[in-house]
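Thanks for coming. I will go through one model this morning, chain by chain, and then look at a few places in it.

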Amino acid sequence: MPHDPTDQYQDFLFELEKYLRQMNDAGIDMPAFSQLPGWREWLKVDNDPAGNIASTEKLETLKAQFLNDPAKSEAASRYWHAFQALQVHWIDISTKSWDAARVQSIETSSATNIRQFYDDWIEAGEALFRERAVTKAYADQVGEWINAQVDLNLAFGMGEVPVCVDPRDLKAALTEAEAREAQLRSELEALKSRQKSKSARATSKKKAHSKAGQSTKTKASSKSKIALKKSRPKS
Amino acid sequence: MTSARKTAEDIKTFTEKLSHSLSQIRQIDDAAPGTSPHETVLTGDGFRLLRYGTDQTHDKKPAVLIVYALVNRPWVLDLEPKRSMIARLLERGMDVFLIEWLDPEPQDKDRSLSAYIALMIDQCVDAVNTARRTSRLNLLGVCQGGTLSLCYAALFPKKVKNLITMVTPVDFQTEDNVLSQWVREVDLDRLVGCYGNVPGALLNTLFVSLQPFRLGSKKYIDLIDLADNPAGLKTFARMEKWIADSPDQAGTAFNEFVGNLYQRNALIKDKFVVDNQIVNLSKIRCPVLNIYALADHLVPASASKALANYVGCDDYSELTFDGGHIGIYVSRQAQQSIPASIARWILARS
């Protein structure tokens, strides 16, 4: 049977990934390194008390609290389901990425060394991830995971639960606001029409008054013209 | 086919090289970024205004006020002497100012976007204009800071001479905007209620999760290429430090930004309210230069390009960069082209 190097490469790289994660988890003395996101660390918020609930140890310590507090138990359950749903996506992408890298290396014989195989794997993984990340199912799952994490933290007493507005109250407030708006609009229309008739009356009065005034004014004006003419010195 | 022995040797060499690089990077203890000389010209509630350079004649040069994002540190623009957009702008004859946002304290959780835009940016603009005895300046908004700058320019059009936006989201709901789709269903009221100020670590993890293979693994393996390259390792260490150093976000401002923009796309619908006024982008009449990266995974080019449809100016130009969101700040290619283009564009309009 011919030797396929990708078997060895994959095994080695899988172990290497694990090593990098362990190194990071252990907080190894490498100030230059930022947190390496791994399987469990993905989307984890470091500074929340319930964030590492995904670990078996943490679950064990919190078990008593879950049993005695339905709210905590419910929040933990929601969190765990959301976390697992994301994990399913992630494992699926990861598995397919290895397959794609192997197919790529066999078809194009590009895997002449481990580095090439590694780069193929990264490219395949990113491409698969990009496809998945924009789907509604995946996006909703990320949103659910964040919401579940927040709920879990709130259940454990972190922060303040915002005042929850009952949708029925909101609907009643909206109906009331719409009724008030309709009333204001009808009042505005009435006001406008009153204003219109008032200004119409004023216009006709003004016209009548203006007619009378105009004849007086014309007369006065002719008078002054005459007066001017009269006053102009003779050349 | 390669023989089993050759494969084993290949793996051994790979491991040795990686170990060598890792041992070298462990020895880097000082990866402090931010190298260009500067002074603080104004300190306010939540910000510091910095002026770069030591040139005493800088009053005679065009002033550029950089508004950076709230979600990362601005020193990626001044990472090290050879990778510093700020240094390149100074070399091109600009008088560079930068707003450095200060971390919100727990009591700042109710700080709003109006405070950032209509108070803090406005104070900085006034301070720059006062220092230079001018009435208008060039505003350069970067990433989220570009969105804040657009709002400012629409609300205070008389104070902005030219506007440059760089990798700036405008249409927050284009199909390829992954981040936008991820946060669409997040209950922001509960999130902010839970955390107060939103932890930078949460955002950082989300950003890294956008490219989990590349950012979570590849870059560490790529260290092999940097073995015996101390300068390259130091740059790597500085970048790592920058990526990991995400400040917390004032709760209310975060809620407004994500809720109104990512979830409701209010800016392009003329429904985004800042300081009790609707932000109307058509009120931006000054010349606009819109710079975006073609392979940006965080702010897709489509999100930035949309600006052309909404600003009200006649003098609108675009500059594209063939790279990603980080590369546009620090890559050699960007260092050579972006600051020079910005300076040329400003000088032509000064």
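Chain B has 13 helices and 12 strands; helices here are DSSP runs of H or I with at least four residues, strands are runs of E with at least two, and both are numbered from the N terminus. Chain B has a radius of gyration of 21 Å, close to the 20 Å that the globule rule gives for 350 residues, so it is as compact as a globular protein of that length. That radius is taken over C-alpha atoms, and the rule is 2.2 Å times the number of residues to the power 0.38.

Before going on, a word on the source. This is a predicted model, in which local features need pLDDT of at least 70 and side-chain atom pairs count only at pLDDT 80 or more, while totals for chains, interfaces and linings use all residues. Residues are numbered from 1 along each chain as its sequence is written, and chains are lettered from A and ligands numbered from 1 in the order in which they are written.

Along its principal axes, the C-alpha atoms of chain B fill a box of roughly 70 × 50 × 40 Å. Of its 350 residues, 51% count as buried. Buried means 20 or more other C-beta atoms within 10 Å of the residue's own, exposed means 12 or fewer, and partly exposed is in between, with C-beta atoms placed from the backbone. Take the contacts in chain B between residues at least 6 apart in sequence: 81% of them join residues at least 24 apart. A contact is two C-beta atoms, placed from the backbone, within 7 Å.

Chain A has 6 helices and 0 strands. In chain A, 23% of the 235 residues are buried. Of its contacts with a separation of 6 or more, 62% are between residues 24 or more positions apart.

Now the core. Which residues have the most contacts inside the largest nonpolar core? They are B:Val64, B:Leu65, B:Ile66, B:Val96, B:Phe97 and B:Ile121, in a core of 140 residues. Helix H5 (residues 136–155) of chain A gives the largest share of this core, 10 residues. By nonpolar core I mean a set of buried Ala, Val, Leu, Ile, Met, Phe, Trp, Tyr and Cys residues joined through C-beta atoms within 7 Å. Leaving out residues up to four places away in sequence, B:Ile66 touches, among others, B:Leu77, B:Leu140 and B:Val142.

In H6(B), 7 of 8 residues are buried, among them B:Arg190. Just after H6(B), B:Gly196 takes a positive phi of about 80°.

Last, a loop. B:His325 lies between strand S12 (316–321) and helix H12 (327–330) of chain B. Is B:His325 buried or partly exposed? B:His325 is partly exposed, with 19 other C-beta atoms within 10 Å. Setting aside residues up to four places away in sequence, B:His325 touches B:Val167, B:Ala293, B:Asp296, B:His297, B:Leu298 and B:Val299. B:Val71 is 254 residues from B:His325 along the chain, and their C-alpha atoms are separated by 14 Å.
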